[in-house]
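Have a look at the model first, and then we can walk through it together.

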Amino acid sequence: MKVELRIHGVAGASPGSVLYPGSDKPGKLLEDGVSGGVGFYRPDPQPTPGWIRQAYVWGGLTSGSRTRALWLLLLPFALVNIAFFMTPHRIIDGKERSKPLRKTIDSLQRLFALSLTATALFGFTGVYLNILAWQSAHTPFGGPLSWLSTLNANDISLRLSLSSLIPALALSLMWLLSNRTWKHTDQIPVPQGAPPSNGPLLTRRRMWNGGPPVGRLRSLHVGFGFTLIATTLTLADPHPWLLTAEAIIGAAIVLTVALPQAATRKDPEAERERRLTAFCTSLRWAGLLVYVAALLVPLSGPGKQATPGALPGFDPMVESVFWTQIALMVVVAIGVAILARGHEDTSGDKRYGRALLGLAAPATMLIAWTYTAALAIGAAFIVAEMVGTPAFSRFQVPEAIVLPESFAWALYAVPIAVLMLIALALWLWLTYRRTARKTNDLISSHYPQPEHERVSKAWAAAALTDRAQAVFATIALTAIGTLILVGVILTTQMTTKPSPPLVLAGAIILIVFVIALMVVGYAAYRLPSLRRTVGVLWDISTFWPRATHPFAPPCYSERVIPELITRVNHLIADGNTVVLSGHSQGSVIAAAVVLQLDPAARPSTRLLTHGSPLRRLYARYFPTYFDMTTLREVQHATPWNNLYRNSDPIGGPVATDIDQAVWDPVSPPPDSPIRGHIDYYVDDEYRTALNSLTTP
């Protein structure tokens, strides 16, 4: 028998829409190994004689549960994790060169991910310890929070200790959620077999089973977070022995994160791996222990009042992390540029060359940093407004809530960034209009005159995707400009003060951004339709395993790929020929599954992709994992057909010998619907391509 195994794309498709596309009255659906809405479905009865149709539905892993809406707060961690897979490897004649440099960059990316955890925690400690606990004790203010200025005002140690429980609770919550998802996804075993040992990186079985290394990184980040909170407390009331312990634990964690073995996916049963895991676990508990000490030790002394100004040591800590992040991003960018320069670009098509000249990884790190800093600064400014008058110098506003001066210059850059984005949007609109007005020979030769304008607009809108790197570059350049601006001012200690109107505008924009994010998160929590839309972020970003940041949303592929491999092997063992039919993101999953299959199973497997971003997006932004060499490896492994439409903003061609363009809209008749990215299943070309794959 012939089995058509459909794998849907983004936005959480339903089983009915995959098995009965375009039907107002879908038939009966039967579940087969479904857990939590994720698994295999089949229609009853089978709609096509001679074929067994099945669907693998995985959307519930990214947009099913209400808690997925809270992942918006974890987006920076997901971005910094994606940056790891965007880093090009220097491949020459099929062999990796400059491997020590690449491993050094990997280590620096893990350290940057650790610094991002610090930035997120500074957002909590800045609000609860610096503003609410310390500064509000000596800053008179009214309103509903006026009680904060008098509550235990004569015992600042007690105020700080109680306030530190909030960031500690937030860290514990991330620890708990990361541990739960780690057990449910990262530790699912991949079916054993004998995939090619010297093939592309996607053939590696342990890539989709990251239990031990993700667990180690989680322990290190948790331990570092508790140590950071402890240090913030201790600097306000110094105890030399406690500061020494915090410094030793922090340094040990940083050095361990930098070790390649911390994230290497090797045999978890090896003695060396077990010892390293135990050491990371001990550092986690050491960080928690030193936090408990920093929480309790100051309470044993006499009560003291807070001194005017910011929390002692807080601003220098923020500035130290800021400079560390600048140094890490600069070195990573230089290293990636060297690797990208020496990487063989086998695309053969200038349209689909490497995005940003191979520098997508540092650009993504910049965007992750900008997002995290925006949340931290916006939250600090909102709370400062609620409890008093925010200022960046006590000499400007007496008895004000003092925020770090770097925040002022970051706010200064926000309206400038917004203006750049508006200009970019205008450029995209003009590009769309210009493209739509041009005479397209394909459209002119195939469609009647009345259809030209409608089709041209659809095709022009779809073509804007190829301008995505311009959007990417603009956001990254904005972040670079902010870094340079703040860095120069802090280094030279310029006496120039930020323009109050621009600072105010930046503060308002950030406040609106933070509030809008909360509103979207709440609405996504309540509305399944919006949750599926937001889930597109996770459909794309969480395809990749957690390689650098353990608090990133979990990788659904670590469940999806093992389950698909098991199902394909089972179907082939029963004597079936299996056609993996992947739409959109499902085509990326299907290609990864093909490379994971045993060579003995591949002759009974076929691949049909439609609306596929493999070449258009993945090969450009993830050149090490989805370059043309890898895509040719997929083509050599199994017969492959690829369908695409010029009206599709996501999918595109892969290779000329497997591609087939599908006309959209179908004409005649006039005014037929433009499907764009959806419902390739209903095209005549789909059924033709499916049958051709199984015809001798």
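Leaving aside its neighbours within four places in sequence, which residues is isoleucine 589 in contact with? They are Ile7, Trp58, Phe543, Tyr556, Val560, Ile561 and Leu564, where contact means heavy atoms within 4.5 Å.

## About the model

This is a predicted model, in which local features need pLDDT of at least 70 and side-chain atom pairs count only at pLDDT 80 or more, while totals for chains, interfaces and linings use all residues. Residues are numbered from 1 along each chain as its sequence is written, and side-chain values use heavy atoms, with hydrogens and water left out.

## The overall picture

The protein chain has 22 helices and 12 strands. Both are DSSP runs numbered from the N terminus: helices are H or I with at least four residues, and strands are E with at least two. Of the 696 residues in the protein chain, 55% are buried; buried means under 20% relative accessible area, exposed means over 50%, and partly exposed lies in between, using a 1.4 Å probe and protein chains only.

## Strand β9 and its partners

Why is strand β9 (residues 577-583) described as largely enclosed by the rest of the structure? Because 6 of its 7 residues are buried. Strand β9 pairs with strand β1 (residues 2-7) in the parallel sense over 6 bridges, and 6 bridges also join β9 to strand β10 (residues 605-610), again running parallel. Two strands count as paired if DSSP finds at least two bridges between them.

Individual bridges can be picked out too: arginine 6 has serine 581 of β9 as its partner, and valine 579 has arginine 606 of β10. Strand β9, helix α18 (residues 585-596) and β10 make a right-handed β-α-β unit. Right-handed means that, with the strands pointing away from the viewer, the path from the first strand over the helix to the second runs clockwise.

Asparagine 576 sits in the loop between α17 (557-573) and β9. This residue counts as buried, at 10% relative accessibility. A polar atom of the asparagine 576 side chain lies 3.0 Å from the backbone oxygen of leucine 571. Not counting residues up to four places away in sequence, asparagine 576 touches Met1, Val3, Leu571 and Ser604.

## Backbone details in the loops

Two cis peptide bonds deserve a look. One joins aspartate 44 and proline 45, with omega about 5°, and proline 45 lies in the loop between β3 (38-44) and β4 (51-57). Another joins aspartate 664 and proline 665, also with omega about 5°; proline 665 is in the loop between β12 (659-661) and α22 (684-693).

That loop between β12 and α22 also holds aspartate 679, which has a positive phi of about 55° although it is not a glycine. Aspartate 679 is partly exposed, with a relative accessible area of 24%. Leucine 357, likewise not a glycine, has a positive phi of about 60°. Leucine 357 is found in the loop between α9 (314-341) and α10 (360-387) and is exposed, at 72% relative accessible area.

Counting a disulfide as a pair of cysteine sulfur atoms within 2.5 Å, the total comes to 0 disulfides. Cysteine 280 is buried, with a relative accessible area of 0%, and cysteine 555 is buried at 0% as well.

Finally, valine 503 in helix α15 (residues 500-526) is buried, with a relative accessible area of 9%. Valine 503 and proline 415 are 88 residues apart in sequence and 8.6 Å apart in space, C-alpha to C-alpha.

Note on methods
A polar contact is a pair of N or O atoms within 3.5 Å; within protein, one must be able to donate a hydrogen and the other to accept it, and residues adjacent in sequence count only if both atoms are side-chain atoms.
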